[in-house]
Amino acid sequence: MMMRSGQQLLLPASPVFIWTSLVMALLVNMLPLGRVPWMPDFLALVLVFWTVHQPLRVGIGIAFMFGLAMDVHQTSLLGQHAFSYTLLSFLAALIQRRLLWFKVPLQAMQVLPLFAAAHAAEIALRLLGGGIFPGWIVLLAPLGEALLWPLASVLLLAPQLRAPDRDENRPL
Amino acid sequence: MALGTLDRSLPPFFNQGPSVLSKLVFFGALSLFLMVADARFNMTRPIRAAIATALTPVQWLAVQPVRAVRDASRYFIDLNQAQSESAQAKERLALQSVRAGQVEQLAQENNRLRQLLALKEQLALPVMAAEVLYDAADPYSRKVIIDRGQAHQVDLGSPVLDESGVLGQVTRVHPLVSEVTLVIDRDLAIPVLNVRTGARSVAYGDASVGGSGMELRFMGSNADVQEGDLLTTSGVDGVYPPGLPVARVSRIEHRAESAFSKIYCMPLALTSGARHVIVVKPATADLALRPPPGSPVAPGQRGAVK
């Protein structure tokens, strides 16, 4: 096993926590905040995070299923989010072994093109299908997702950063 | 330290299942197939209905915090504002009750005249109240979700009104909720009648104009249209009952290079922020000619999209 020097050994991720975080991200995406084109896609962020950190548990199939759920919720073309999440998950699986050698801010810079590619695929598909162009402000969405990457790294890795053996001096 | 504590094990060499690339090809092709089936052949209704029903509890959960915040903020409205709103509502009620009295008499008179002329009687419209659950977040279309579905006998293609005009049309019916395409969506067209001149035309959704607008297409540059003209449904489509207010002409651009002028209209209904709406049964009962049941929106819509 190889890893970056100075990196802490992680506890195993609990599947319950992975699924809870995915469903919570779906919930956040479903908040009825109206039509906000620049809103970062939290579900995409969490999916990429788990594809990178737990490639054996979360992969393209799960991304596809969550994409279908988003499509039905947003009343968009059935398969639009499924396609973009599939693409996103594939790209994340490609860079997965390399990405974890970098520090978190550099990771955020490397996932930015992934999110941009997923959004570009979505826009291209919808404009081909005769949709209304949502305006250039939609370019802010991948940027927001990349900026949220450090936050996701802290929150989603927190349960794995606990000490393996509890004692009184380190309650967590 | 217990066994299995280390998180990163080397991936097993032989039982990894299909490769990532083959999964990408499979799921990518599947989603492309779904998109084509959805957009061109309307074959995905059962899948959508199943997923929508499974998602209903999650959606309910997601609506709650936003609704709580909205209700809480309404709770703290100034007393003055509440009182003035109540006074305005009473005033409007008084005005409307005068008109309602006249309408009763006019309807009776109209009925008698229609009998004299041996015309068909106008039927009262069966309506159903519904509440808007949320605006669909899809930025490429303009839709809202209402809380009535197949279980409440909502028909595909039913017109949806709010208190000031036509809001849109039901374009998908799920078991518990339905999707309403708003009049400003690019794919929706409504046959309208200019009340001042009696000229019939078709209004198309044109959301690109500042986010909420409609457009009267194919009107010659010499057509008699003025700013402020009221457009109502003409009833020739067999979907919308005649006489419902739709929009008001807001701006007319005469263009030298074209035989048509560009006519912008503002919809009268609240296309963002409507809360309580009315679903009307489509007025197909008293028409011999009706659109095929598969087509959810007004005829001519597919071919006319830019």
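Modeller: In the largest nonpolar core, which has 97 residues, the members that touch the most other members are A:Leu47, A:Leu88 and B:Ala203. The largest share of this core, ten residues, is supplied by α2(A). Please keep in mind that this is a predicted model.

Biologist: Which residues is A:Leu47 in contact with, leaving aside its neighbours within four places in sequence?

Modeller: With those neighbours set aside, A:Leu47 is in contact with A:Val58, A:Ala63, A:Phe66, A:Tyr85, A:Leu88 and A:Ser89, where contact requires C-beta atoms that lie within 7 Å.

Biologist: What makes α1(A) roughly antiparallel to α2(A)?

Modeller: The axes of α1(A) and helix α2 (residues 42-53) of chain A come within 7 Å and cross at roughly 160°. Angles over 145 degrees count as roughly antiparallel, and therefore α1(A) is described as roughly antiparallel to α2(A). On the side of α1(A), the residues that meet α2(A) include A:Ile18, A:Leu22 and A:Leu26, while α2(A) brings A:Phe42, A:Leu43, A:Val46 and A:Trp50. Sorted by class, the contact of these two helices has nine nonpolar, two polar and no charged residues.

Biologist: Which elements give two or more residues to the side of chain A that touches chain B?

Modeller: The contact takes 47 residues from chain A and 45 residues from chain B. The elements of chain A that give two or more residues to this side are α1 (15-30), α3 (60-74), α4 (80-99) and α5 (104-128), and α3(A) gives the most, with eight residues. By class, the residues on the side of chain A that touches chain B are 31 nonpolar, 14 polar and two charged.

Biologist: Where does helix α2 of chain B bend, and what do its buried residues pack against?

Modeller: Helix α2 (residues 45-75) of chain B bends by about 45° at B:Thr56, and a proline, B:Pro57, follows within four residues. The buried residues in α2(B) are B:Ile51, B:Ala52, B:Leu55, B:Gln59 and B:Ala62, and the buried residues of this helix pack against α1 and α3 of chain A.

Biologist: Why is B:Phe218 called exposed?

Modeller: B:Phe218 has 12 C-beta neighbours inside 10 Å, and a residue is exposed if that number is 12 or fewer, so B:Phe218 counts as exposed. B:Phe218 is found in the loop between β8 (214-216) and β9 (230-233) of chain B, and has a positive phi of about 60° although it is not a glycine.

Biologist: What makes B:Gln153 partly exposed?

Modeller: B:Gln153 has 13 other C-beta atoms within 10 Å.

Conventions. Residues are numbered from 1 along each chain as its sequence is written. Chains are lettered from A and ligands numbered from 1 in the order in which they are written. This is a predicted model: local features need pLDDT of at least 70, side-chain atom pairs count only at pLDDT 80 or more; totals for chains, interfaces and linings use all residues. Two residues are in contact if their C-beta atoms, placed from the backbone, lie within 7 Å. Ala, Val, Leu, Ile, Met, Phe, Trp, Tyr, Cys and Pro count as nonpolar, Asp, Glu, Lys and Arg as charged, and the others, Gly among them, as polar. The bend at a residue is the angle between axes fitted to the seven residues ending there and the seven starting there. A residue is buried if 20 or more other C-beta atoms lie within 10 Å of its own, exposed if 12 or fewer, and partly exposed in between; C-beta atoms are placed from the backbone. Axes are lines fitted to C-alpha atoms, for helices over the stretch in contact, and angles run from 0 to 180 degrees between N-to-C directions. Angles under 35 degrees count as roughly parallel, over 145 as roughly antiparallel, 65 to 115 as roughly perpendicular and the rest as oblique. A nonpolar core is a set of buried Ala, Val, Leu, Ile, Met, Phe, Trp, Tyr and Cys residues joined through C-beta atoms within 7 Å.
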